Amino acid sequence: MSRVPPKIRRRVIDRAGHRCEYCGLAQESQEASFHVDHILPRVAGGKTRLDNLAFACVSCSLRKEARRSARDSETGRTVPLYHPRRQLWSDHFRWDHVTVIGKTATGRATVAALKLNRPLILASVSKESIGAATHHFEADCRDASTAIQLAPRG
């Protein structure tokens with residue numbers, strides 16, 4: 001993992017609302033510090049710039065590693081992983097109660113590759129959903145922002 005200057009790190013964290021930009025897990029109450037991830041890995045020429053950085057929980061960061069693509073279970077094709085700076089989360093994923101569902105080939109491949117429905121995330125999202133408030137995960141996508149809503153269902 002490369003060193004990210006503190007000012008840039010702070011901007012990435014604030015932009016992400018202190019949540020993993022892949023799975024939506026909140027940094028709060030987690031023992032391990034989340035990573036500032038290079039979306040396009042440094043080994044592939046990715047730069048340490050705001051438009052190439054995402055806030056990622058340890059599990060998503062370690063599962064993503066230097067990968068840029070993964071296999072879509074439905075089509076069998078290798079497709080790009082979700083890119084938090086260029087794509088809207090809601091275009092590729094949806095919540096089904098507390099489970100993340102991939103809506104596109106990119107979404108399905110990312111759910112599988114990063115194991116977005118692992119027990120810790122499901123438990124955390126479920127716990128947040130029990131609280132009456134709706135929580136928002138804000139991600140800056142180019143100049144626009146999107147929100148992943150973690151709200152009680154059904």
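Helices, taken as H or I runs of at least four residues, and strands, taken as E runs of at least two, are DSSP runs numbered from the N terminus. Read in these terms, the protein chain of this predicted model follows the pattern α-β-β-α-β-β-α-β-β-α-α-β-β along its sequence. The points below take up the fold, the surface and the cysteines in turn.

**Secondary structure and contacts**
- The protein chain contains five helices and eight strands, and its pattern begins with α and ends with β-β.

**Burial and surface**
- The protein chain has 154 residues, of which 45% count as buried.

**Cysteines**
- Zero disulfides are found when the whole structure is searched.
- C23 takes part in no disulfide, and the cysteine sulfur nearest to it, which belongs to C20, is 3.7 Å away, whereas a disulfide requires a pair of cysteine sulfur atoms within 2.5 Å.
- C23 counts as buried, because its relative accessibility is 0% and the cut-off for buried is under 20% relative accessible area.
- C57 is likewise in no disulfide, and its nearest cysteine sulfur, that of C60, is 3.6 Å away.
- With a relative accessible area of 2%, C57 is also buried.

Note on methods. Residues numbered from 1 in each chain as written. Predicted model: local features only at pLDDT ≥ 70, side-chain atom pairs only at ≥ 80, totals over all residues. Heavy atoms only, no water. Buried < 20%, exposed > 50% of the residue type's maximum accessible area, 1.4 Å probe, protein only.
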